[in-house]
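Start with the sequence and the structure.

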Amino acid sequence: MAPRNQSYSSIKESSPILDESHHNHALTKMDLKSASSIIDNDGSSPSQRRTSVVAIAAVALTLVLFGKNILQYDRSSSLKPIGPYQLVEAQEGHSFFSFYDFFDGPDSIGSAGYNMYVSEDKAAELDIARVITEEDPLSGVPVDFVHMSSAPTKKGPRDSIRLEGKRRFDHGLFILDVRHQPDGCGVWPAFWLTDEAVWPRNGEIDILEGVNGQTVAKTALHTSDKCDMYAHVSPRSMTGGFEWITGIPNQFTGEPDFKTAKPADNCWVMAQHQWGNQGCTAVHDRDDTLGAPVNENGGGVYALEWDPENKAIKSWVFSSIHDVPQNLIDTIDTAGLKDSSKQVMPDPHSWGTPYAFFAIGEGTGCSADHFKNMHIVFNLAFCGNVSGNRFTRECPAVAKKFNVTNKEGINDPVWTCNAYIESDPEALDEAYWKIRGVYVYERESRKPKKV
């Protein structure tokens with residue numbers, strides 16, 4: 001997804017970090033004359049002033065000579081998230097919406113969905129954001145499920161939901177237990193992490209995103225420059241692989257190049273030889289991990305581990321709710337218990353090999369600072385720059401029925417998609433979220449052991 005209030009044409013790159021060499025260079029530039037001027041005004045004697053200046057000069061010289069080692073010691077001795085996981089948020093039932101703000105307004109320029117996001121009050125009035133109690137087919141006991149959907153309007157664009165998490169994260173383990181996800185032609189749901197105000201510099205991670213009834217799960221990273229997975233990810237580290245791309249227009253002729261194909265392994269939103277804002281995209285090795293197949297199997301669990309200290313971002317999908325690892329079942333079932341001693345903590349090592357793996361951090365092609373200060377976003381969009389532009393190709397039967405042409409008499413896929421959405425088809429009854437819960441964990445902060 002594209003963050004709201006962002007367009008791809010206004011991206012500016014700059015380094016977010018001042019490296020140690022610049023820091024030490026700044027220390028050598030310390031203005032001792034200015035320090036002396038301050039001392040001259042305090043009423044002290046000349047000998048006292050000379051002593052003070054000498055002392056400041058000595059401190060400055062010490063920092064210049066040994067500053068790098070001092071800085072390294074401070075960093076190594078600080079607390080880091082390297083311990084076991086601890087529960088941060090258990091978003092369930094009637095407390096679910098308290099973890100989010102409802103965004104009220106049109107979709108972003110980058111996404112341009114044919115929908116209007118509404119406030120919490122309006123969503124309640126339309127009955128498109130609610131909590132209902134149903135029997136859980138797994139446990140046989142009543143459970144509160146969160147339902148989110150959309151509603152037609154006289155103007156055409158549907159009223160829909162976009163939730164933006166209140167808490168910000170720099171790392172974590174994010175688990176979504178979803179029993180039904182929006183599906184169908186013209187439908188574009190997403191569950192993701194981003195920092196809209198500093199996009200793409202602070203990154204974006206798409207955990208669950210479907211377009212026009214897709215059935216293969218993907219995890220995509222969208223970043224600023226210098227975040228590349230090429231030669232840094234072993235094929236053995238994941239069961240899936242990077243999405244392959246072809247047909248990118250030649251930069252001189254504009255003609256699609258179908259002779260060249262490459263993996264989408266560069267996360268920069270403006271990477272050459274990739275589609276605009278494609279990012280690095282890992283795809284699942286099975287075609288029943290998203291959309292209708294997951295819904296038909298009773299739902300699934302999507303988990304993303306963002307672990308910069310261990311130099312990785314990983315994704316798992318358990319696309320049948322009946323195939324979830326026991327540790328993950330116990331983790332979800334006990335997350336809401338008031339007695340924390342009875343809560344089971346997640347152990348990703350027991351879940352098997354992830355389908356997606358991205359190398360981040362020191363020694364990789366993507367520094368960890370490409371991802372920071374992000375929050376969770378849920379949204380349900382329609383048509384727009386992705387689902388709309390691909391509508392005629394991916395939903396040919398529906399597109400033929402609602403065909404809308406431009407002035408040249410050529411099919412316009414976005415207008416055609418909009419016309420379909422305006423008709424309020426019965427198929428849109430499948431465009432809803434049914435969520436058991438979202439569970440967020442962070443590693444306990446500990447002091448690293450000296451090597």
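## Salt bridges

A salt bridge here is a side-chain nitrogen of Lys or Arg within 4 Å of a carboxyl oxygen of Asp or Glu. The model is predicted. By that cut-off, the structure holds 19 salt bridges. Side chains of opposite charge can pair when their charged atoms come close.

One of the pairs joins Arg 179 to Asp 177, at 2.9 Å from N to O. Both Arg 179 and Asp 177 are buried.

Glu 243 and Lys 218 form another pair, 2.7 Å from N to O. Glu 243 sits in the loop between strand E13 (241-242) and strand E14 (244-249), while Lys 218 is in strand E12 (residues 218-222), so the pair ties together parts that are 25 residues apart in sequence. Lys 218 is partly exposed, at 23% relative accessible area. A further salt bridge runs between the side chains of Arg 390 and Glu 394, 3.0 Å from N to O. Arg 390 is partly exposed, with 22% relative accessibility. Glu 394 is partly exposed as well, with a relative accessible area of 27%.

Is Asp 136 buried or exposed? Its relative accessible area is 3%, so Asp 136 counts as buried, the limit being under 20%. Beyond its neighbours within four places in sequence, Asp 136 is in contact with Val 141, Val 143, Phe 145, Arg 179 and Arg 436.

Ile 128 is in the loop between helix H4 (120-126) and E5. Ile 128 is buried, with a relative accessible area of 2%. Which residues does Ile 128 touch, not counting those up to four places away in sequence? They are Val 118, Ala 123, His 147, Met 148, Ser 149, Ser 150, Ala 151, Asp 159, Ser 160 and Ile 161. Take Met 148: 20 residues separate it from Ile 128 in sequence, but the two C-alpha atoms are 5.3 Å apart.

## Strand E10

How many of the eight residues of strand E10 (residues 187-194) are buried? Eight of the eight are, so E10 is largely enclosed by the rest of the structure. Val 187, Pro 189, Phe 191 and Leu 193 point one way. Trp 188, Ala 190, Trp 192 and Thr 194 point the other way.

Strands of a sheet pair through backbone hydrogen bonds, either parallel or antiparallel. E10 runs antiparallel to strand E20 (residues 375-382), and eight bridges join them. In that pairing, Pro 189 is opposite Leu 380. E10 also runs antiparallel to strand E11 (residues 204-209), through five bridges. There, Thr 194 has Glu 204 as its bridge partner.

## A three-strand sheet

E3, E4 and E7 form an open sheet in the order E3-E4-E7, with mixed pairing. Strand E3 (105-106) and E7 stand at the edges with a single partner strand each, so one side of each has no neighbour in the sheet. E3 pairs with strand E4 (residues 115-117) in the antiparallel sense, over two bridges. Pro 106 stands opposite Met 116 of E4.

## Helix H10

Helix H10 (residues 413-422) has these buried residues: Pro 413, Thr 416, Cys 417, Asn 418, Tyr 420 and Ile 421. What covers them? The cover includes strand E7 (158-160), E20, helix H7 (384-388), helix H8 (391-394) and helix H9 (396-401).

Asp 412 caps the N-terminal end of H10. A side-chain oxygen of Asp 412 is 3.1 Å from the backbone nitrogen of Val 414. After H10 comes Asp 424, with a positive phi near 50°.

## Nonpolar cores

In soluble globular proteins, nonpolar side chains tend to be buried together. The largest nonpolar core here has 69 residues. Ile 205, Trp 306, Phe 371 and Phe 378 touch the most other members. A second, separate core has 16 residues, among them Tyr 85, Ile 175, Ile 332 and Ala 335.

Conventions: Residues are numbered from 1 along each chain as its sequence is written. This is a predicted model: local features need pLDDT of at least 70, side-chain atom pairs count only at pLDDT 80 or more; totals for chains, interfaces and linings use all residues. Side-chain values use heavy atoms; hydrogens and water are left out. Buried means under 20% relative accessible area, exposed over 50%, partly exposed in between (1.4 Å probe, protein chains only). Helices (H or I, at least four residues) and strands (E, at least two) are DSSP runs, numbered from the N terminus. Two strands pair if DSSP finds at least two bridges between them. Contact means heavy atoms within 4.5 Å. A polar contact is a pair of N or O atoms within 3.5 Å; within protein, one must be able to donate a hydrogen and the other to accept it, and residues adjacent in sequence count only if both atoms are side-chain atoms. A nonpolar core is a set of buried Ala, Val, Leu, Ile, Met, Phe, Trp, Tyr and Cys residues joined through side-chain atoms within 4.5 Å.
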